[in-house]
Amino acid sequence: MKIAMAASEVVPFAKTGGLADVGGALPLALEYCGHEVIVIMPKYKCVTDSKFKIARVSKDISCSVIGKNIKVYFIENSAYFNRDGLYMDKKGDYKDNLERFSFFCRAGLDLLKEIDFCPDILHLHDWQASLMAVYLKNLYAGRDFYKNIKSVLTIHNIGYQGIFAREEFAKLGLDWKFFDINGLEFYNKVNLLKGGIVFSDFINTVSPTYAREIQTKEFGFGLEGLLKERKSVLSGILNGVDYSVWDPDADEFILQNFSAGCPEFKVLNKENLQKICALPVNKNIPVLGIVSRLAEQKGFDIFARALDKICRMDLQLVILGTGDQKYHRILKTFAKKYPQKFSLSLKFDDPLAHKIYAGSDIFLMPSRYEPCGLGQLISLRYGAIPLVFKTGGLADTINKNNGFVFDDYTEEELQKIIQKAVLAFKNKDKWGRLVVNAMECNFSWKASADKYIRLYAKAKEK
Ligand code: ADP
């Protein structure tokens with residue numbers, strides 16, 4: 001099959017979240033399965049010629065290669081994309097995001113014709129690429145080149161929909177008849193993700209449970225009704241992990257490599273982590289790690305409320321994250337109060353993240369909602385036992401054989417399950433078996449790519 005993937009961020013070129021990991025890894029897995037794939041993304045300031053091998057294609061298009069021969073095409077427009085942030089700066093979201101990404105979507109569709117790549121499937125990611133599905137069914141519908149292209153939209157997090165003021169609609173170049181409840185209108189505003197959901201041939205999200213959850217009022221962020229209507233073309237496919245990056249047996253950031261065959265070497269990483277974090281070096285105290293955006297979605301509301309009690313347990317906490325200033329403040333207070341138990345790093349630090357996965361006994365991820373989640377999958381491979389709230393992708397990947405799960409989102413239940421995990425840690429034999437079980441779980445991209453290929457085949461037949 002011929003697949004064109006459009007995403008606003010793609011590893012290794014630009015990343016703010018999990019979307020970029022998917023944008024970079026799924027094409028590789030599809031190529032490995034024998035499919036022809038190209039990727040389309042904006043050329044941001046961070047995509048520099050000095051960092052990447054970039055060739056010119058035409059005046060406004062350049063290109064790089066990932067995998068064996070996957071061309072990544074960059075849509076250039078220095079006024080729109082040559083900025084420090086992808087979507088925002090210190091002051092907040094860029095005011096012209098609708099213009100920026102409608103330009104990206106139209107230029108992306110034009111690019112297909114320009115390079116004469118007519119895909120069977122145009123795979124779009126999130127609100128930034130959603131307009132391609134809208135344009136494909138409208139502005140480009142009469143054009144021969146585009147008539148057989150089928151679109152698949154992946155929703156990575158329905159909390160982000162690309163919502164803009166009504167007045168901005170005129171900038172999309174669409175007839176006003178699409179500013180309608182059956183089109184892009186959403187409570188008198190423009191909703192780009194909604195446009196993608198209405199006009200894509202197939203829709204998926206990044207776990208089966210999240211695909212069900214977003215059809216409910218609690219998780220749908222206002223789009224649950226529409227998603228329910230479209231449920232015959234809505235599915236969930238778990239993201240995979242790039243095990244070439246996340247491999248404890250070959251990880252260059254960690255002190256001692258280890259694997260499911262020799263998990264006992266993990267303890268050297270634990271002691272190293274305790275040292276780095278200025279915590280007492282003691283292999284008998286469980287280390288609980290967190291690597292996360294500091295946001296309410298990630299469970300920091302109940303975590304913050306339970307924290308004083310958690311800090312009084314026999315454990316150590318190592319937290320790496322940035323985000324909400326509110327949580328920066330709260331966590332700082334506790335790190336000061338419990339210096340022998342609590343190490344806090346308020347930054348984005350990939351090497352330290354690797355050390356935390358490798359050195360922790362337990363990995364905390366009590367997200368209130370979690371479309372798929374990568375942290376728990378990485379921590380499994382590193383033998384850091386995930387402790388999660390039963391939601392979305394966490395519910396689909398973690399169970400009592402590889403982790404700890406609580407299903408009532410309250411600080412009391414979080415506290416209880418942490419207490420249970422800390423207690424379980426004391427039984428060395430049982431814990432050792434749990435660690436091996438966790439490390440042997442396989443969430444590779446190959447399995448996910450197979451599911452995407454089946455979805456593409458269905459879309460192609462439609
Ligand atoms: P998100 O909703 O943020 O995309 P995921 O669990 O899907 O959550 O993915 C988060 C990814 O970002 C993981 O690879 C995690 O290790 C990484 N990460 C998050 N915060 C940090 C940080 N402060 N430093 C380094 N890596 C981080």
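Glutamate 370 is buried, at a relative accessible area of 4% (buried means under 20% relative accessible area, exposed over 50%, partly exposed in between, with a 1.4 Å probe and protein chains only). The model is predicted: local features need pLDDT of at least 70, side-chain atom pairs count only at pLDDT 80 or more, and totals for chains, interfaces and linings use all residues. Residues are numbered from 1 along each chain as its sequence is written, and side-chain values use heavy atoms, with hydrogens and water left out.

**Salt bridges overall**
- The whole structure holds 21 salt bridges (a side-chain nitrogen of Lys or Arg within 4 Å of a carboxyl oxygen of Asp or Glu).
- One network of salt bridges links Glu99, Glu168 and Lys171.

**Lysine 298 and glutamate 370**
- A salt bridge joins the side chains of lysine 298 and glutamate 370, at 2.9 Å from N to O.
- This pair links distant parts of the chain, 72 residues apart: lysine 298 is in the loop between β15 (287-294) and α9 (300-311), and glutamate 370 in the loop between β18 (362-365) and α12 (375-381) (helices are DSSP runs of H or I, at least four residues, and strands runs of E, at least two, numbered from the N terminus).
- Lysine 298 is also buried, at 12% relative accessibility.

**Lysine 45 and aspartate 84**
- Lysine 45 forms a salt bridge with aspartate 84, with 3.0 Å between the closest N and O atoms.
- The two lie 39 residues apart, lysine 45 in the loop between β2 (36-42) and β3 (55-58), aspartate 84 in the loop between α2 (78-81) and β6 (88-89).
- Lysine 45 is partly exposed at 41% relative accessible area, whereas aspartate 84 is exposed at 67%.

**Lysine 147 and aspartate 144**
- Lysine 147 and aspartate 144 meet through their side chains in a salt bridge of 3.0 Å, N to O.
- Aspartate 144 is exposed, at 59% relative accessibility.
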